[in-house]
Structures are given as C-alpha cells and as structure tokens.
Amino acid sequence: VYEQALHEEDSRFSEDQRAELTLGALVCVVVGLLLAMLVFVLHEAWPSFAHNGFAWFGAGGSVDNETQAIFTSGDLNQTPVYLFHAWPLIWATLVITVLSVSLAFVSALFVAVFMVEFAPEWLRRVLEPVVRLLASVPSVIYGLLGVLVVVPFIGNHLITQHEKASVAYAVSLSGYSVLAAILILTVMIAPIMIAVFAEGLRSVPRGWLEGSLALGVNRWRTFWKVGVRTARPALVAGTVLATARALGEAVMVGMVSGGVGFAPNPADGVPVFFFEPSRTLAATIIADNNELTSPPMKHTLYAIAAVLLFSAAMLSFTGWAAKQPMKRYGIRA
Amino acid sequence: MTAAGVTAPAPAPGRAPRGRQRTATWRLTDRIGLALAWVLGLLFCVIAAAIVIYLLIQGIRFVRPNLLVTNPTAGFNQNDTGGFLGPMIGTLLVAAMAMSLALPIGVAIAVWLSEYGRPGLLARVTESTIESLAGIPSIVLALFGTLLFESPVLGFLSETNAGVVYGKSFFAASAMLSLVALPMVVTTVREGLQAIPSHVREASYAVGKTKIATTRRVLLPAARPSVITGAMLGVGRVIGDTAIVLLLLGSTLSLEGVGSVPLLSTLLGTGSTLTSYIYDNAPTGDLNQPNKAYAAAFVLLVVVLALNLGVDVYSRRARRLRWG
C-alpha cells in the first residue's frame, strides 16, 4: 500500500512537472515569436536603410515622388531604387504625436485629479464609464466622425480664403489637416492616460495627504503638491502608454490628416501651420499597403515599420524604468 | 478607499461636504485650477455624449433592417450597394477565431507567470515582452503578418496560386489579431489570480492537491470573472482593429471562399469586417458611401457599448469577490 501511494505521489509529481514544462514551453514559443518578429522586420528593412544611410531620416525631395519611383522600380527588368528621405513623414508624426500627447496630458491630469478627489459622487459615477467608453471606441469610428464632421468644419469655418491663398503655391488647404488629427487623437489617448493616472492617484497613501491638510494647506494644493507628485511614476507610465498609441495610430490619422507627404511648415504662421495636410509614418504603411508587391517598396515600408517598432520599444523601456521607483512605495500601476 | 475625505475632521463617514464657502478662502490660482478641472471633466462627458448621440441619430437615419441581411454589392448609388451582412459575419468570425487563440494562450501565460514563473529571468522577459506587445502598433503587427503568411511554409492557411502564396485569409488576420488581444487577457487574468490570497492555495495543497490541479480546480474558477473581463476587453480590441484586417483579410467586398469545403473555404478566403467596411465607405476610402459607413459605425458602436457594459458587470463581480 505504501509503495502504491509512493508511486501515486510520483506520478502526480510528474504530472505537475509536465504541466509546468508545457506552460513554460508555450511561453517560450510566444516570446520567441515576438523576438523573431523584431529580427524579421529589421531584416526586411535593412536594404532601405543600407542604401540611404542616415539620409533616410533626413529631408530632401518629395516623399511622394520618391515612393512612386521606388514602387515603379519594382517591375521586372528594372534596377530597384531605394532613395527615400522620410523627414516629412517623421516631422508629421512628431508634430501630431507631441502636440496631442501634451494636450492630452494636461487635460487628463486635471480630469484624473478631479475624478479621484474633487468630483461629486454622481459625477464620478458618470465619468468613469465615460472614460472607459472613449477609450474603447474603435479608431475607425473616430476617423469616420473626423472625416465627416471635424474636417468639413475646419475646412468651411476655420480656414479663410486669405489663408488658403497664402500657401497655395505649396499645398491646398481643404480641412484635412494636422489640426484635425491632433484634436481627435487627443480625445482618443486622453482616456488611456486618465485611467492610469487615476489609478496612481488613488493609491497615494492617505496619511500623506492628511499630513499636509493638518498643516493647513487647502485641498487643491495638497492634492496637487503631494498627491500628484507621489503619483509621478504613474504619470510617466500613462503618458508612455498613450504615446505608443498615438505613434502607432494609423487608421484615424491617415483618414483625417490628408494623406499628402507634406511637412507642415512652421514658417507659414500659427493658424496656417495647423491647417496644413500631412501624412504620418504609420499612415503611410496603411496608405501604401497595396504596393507591398513591389520588392523595393516592401523594404521601404518595413523600414518605416522598423522605426515605429524601435520607438515603441524605447517607449516601453521608458515606462519600465519609470515604474521602478514606484515599487519602493509598494504601489502597483 | 474607505478613509474619510481629505478635509479631515468630517463627522460623518464618507467625503466631507464641499460648498462654495470652503473654496472661498483659497488662492485665486487654486480656484481657477478647480474650475478648470470641472470644465475638463464635464467636457469629456459632453464629448462622449456627443459621439454616442450623433451616431445614434445617424444610425436611426440610415440603419434599415434590410442592411443587416444583405451583402455589399458594387454600385455608385447609396441605394444599390447592398447591406453589410458579410462584414458582420466577418467581424464575428474574426472575433471568435482570434479569441479562441488568445484566450487559452493568454490564460496559460497568466497562469505560468503568476503560479510558476521559474526561471525568474524567463518570467521577467515574458512580462516585459507582453507589456511591450501592448505598445506595438497594430499596423506593424499587420506588416509582420504579411511576411509570415506569405511564406510558403504557412501557405496552407491562405490561397495559393501557382506557387505564390496570397497570404490574406481569415486565418492570417485572426492569428495576428489574437496578438492584439493577448496582452489584455494576460494582464487581466494575472491580476485576478494574484488577487487570490495564498491561503487558498495552501489549503488546496494541504489536502494533497498538486499545483496544476489547484490551478484548474480552485484558482481558475475563482478567477473566472477576471477571465471573462479579459476576454471581453480582448474582443473589444479585436473588433475595433482596422489595420490588421486591411492588410491580412484583404477587405474584399464580400466573403470570397477558396476551395469547396463549406466552412474551411470561407476561412481560407478573404473578406471584410465592420471596421474595414467603415474604412472603405468613408469619404477617404475606395467605396465612399458615407451613409453605409454611418450605419455600420452605429452597429459597431452598439456592440462596443454592449461589451463595455459586460466588462462593467463582470469587473464589479470580480471586485465583490474580495478575499478577506
């Protein structure tokens, strides 16, 4: 009997071990697949980078003409062309991402503080589902509303004839603009920030706030100086998450920003700059996805994807690094 | 948080009453800040309400019952381009297939991370990989998918013509979409598992159960609300994604099967989902039928709202299951 029990014990132990190994193998496969993705994308992207060097990131010539040349050179019996200067796309991506993230950061911080500390109970009960809803509306719906509501509004009511004439030599202003992309992107990414910020703010130790209040500091100032400062790592984490979303948002931005490889020119003055059309890196992949059949074009698009992937990786790393000090307080975000 | 409000000496439990006289002594900048917080908070409510109400109005204007049961057809007039039965079936198929991949894999990874997690290095690598997966733009995943599914090795998952693998099928799109849902599932399930206190596990070990039996019989049933929440969050991401569908499903007008086996032919073939249908029917798309796009957007929004409601219910249920 004892031996039988021992045997049973043994088989049970091995069953457990088998389960652990199976799960571990599955984890390895998934992680391996994702690492392989990194390698494959970089491998496919290499020809484009190798031919252009650092000029890939530079300015010069029209991106749209360059992509056209790259695409047609993919036909048989032609030497592939790789000349590509992505600066207008990079500039558009930077402008749209930086402006919408900063706009979203400020508003998300205020809304998160309001939601956690200052809103009356009924409003809090409305705000929480509202934030979740705004975060879960598909980007194509935002894009559709942008194209049918925001873009015509900008084109018909905000852009004056004078402004149109002032840049007519370079680009035509129709309402498809950087401004539309920034505004809608702000609405899309602010809820992500609000959710993370609010979680960080909620986990600020109550005693710290009470200590400040006991010293006679008012509630607003207490929460701002103690609460928000303590939750700083959460602010970074939320911002990183939202920035990643903004960088990679291809569908909505591609729909409303005009789809022209044009670098909005700050020298055109402030309102006009925001009315100018552009195309971001991610939107370029969507717009040209039918041209993957041409090998040089394929390599160029993979190069764009590699840049996006690298930025996303850098962002995750920043987020990870920012979370480290938070662990000291035993705060999870 | 059960503590009293920050205005400490409130006699009653809960938050202290706040009235105008309380802020009257504040500095002007503080009062402006609070006012700004109110304005922005209300602004977000207004934006959300505007989106929902606007789409509701457009939905009432343009959704007709026959749109839901007819397939899209080519045409120049909004009256003869058919409905969007095909895209709806596409959304359903893609969601079901992507989740049938993402849910078991996600739960398995979450279990491994929370219950095993050895060796520690692999656990850390996995954790950060899953985290960065959430940050990878879906357009990059889509591009990687074209590379993966156009390779001859995976040619059996899509149409192959004279040795050239087409690489666009429901299988390809669902496989990549499952990667979009995976981080949501892993994070939510893992949080649910970690919320279960260790004495529950120890009680199960004490009666002689193995680790895997404990996980299967005790932990996963206890974490079921989190599993369901994670699944619904994942479905929300899957049905909302456009980039992967455009690149890997072909976004063709109707479901175009390959071969003659009934269901398999559809899954091997191309099609479209509600998102790609909206994308194509927006004024910037190839078809440009805004009324149809509005109608489809309304249907999609209703599905998303329903999912949100479901998440709400189940995450509340998960919270009620607080272990003492």
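A salt bridge here is a side-chain nitrogen of Lys or Arg within 4 Å of a carboxyl oxygen of Asp or Glu. Keep that in mind for the first stop on this tour of a predicted model, in which local features need pLDDT of at least 70, side-chain atom pairs count only at pLDDT 80 or more, and totals for chains, interfaces and linings use all residues. Residues are numbered from 1 along each chain as its sequence is written, chains are lettered from A in the order in which they are written, and side-chain values use heavy atoms, with hydrogens and water left out.

**Stop one: a bridge inside chain A.** Select R206(A) and E117(A), whose side chains meet in a salt bridge (3.5 Å, N to O). R206(A) lies in helix α8 (residues 206-214) of chain A and E117(A) in helix α3 (residues 87-118) of chain A, so the pair ties together parts that are 89 residues apart in sequence. Helices are DSSP runs (H or I, at least four residues), numbered from the N terminus. Over all chains, the structure holds 8 salt bridges.

**Stop two: where the chains meet.** Now show both chains. In contact (heavy atoms within 4.5 Å) are 82 residues of chain B and 80 residues of chain A. About 7600 Å² is buried between them, with carbon and sulfur atoms giving 76%; this is the accessible area (1.4 Å probe) that two parts lose on being put together, summed over both.

**Stop three: a bridge across the interface.** The rule finds 2 salt bridges between chain B and chain A. Select D312(B) and R132(A) to see a salt bridge of 2.2 Å, N to O. Next, colour helix α2 (residues 28-62) of chain B, which gives the most to the side of chain B that touches chain A, with 18 residues.

**Stop four: a nonpolar patch.** Finish by selecting W122(A), V126(A), W38(B) and L42(B), which make a nonpolar surface patch of about 380 Å². Patch residues have over 30% relative accessible area and no salt bridge, and nonpolar side chains (Val, Leu, Ile, Met, Phe, Trp, Tyr) are joined within 5 Å. W38(B) is found in helix α2 of chain B.

Terms used:
Helices (H or I, at least four residues) and strands (E, at least two) are DSSP runs, numbered from the N terminus. Patches are made of residues with over 30% relative accessible area and no salt bridge: like charges are joined within 9 Å, nonpolar side chains (Val, Leu, Ile, Met, Phe, Trp, Tyr) within 5 Å. Accessible areas come from the Shrake-Rupley method with a 1.4 Å probe; for residues, only the protein chains shown count as cover.
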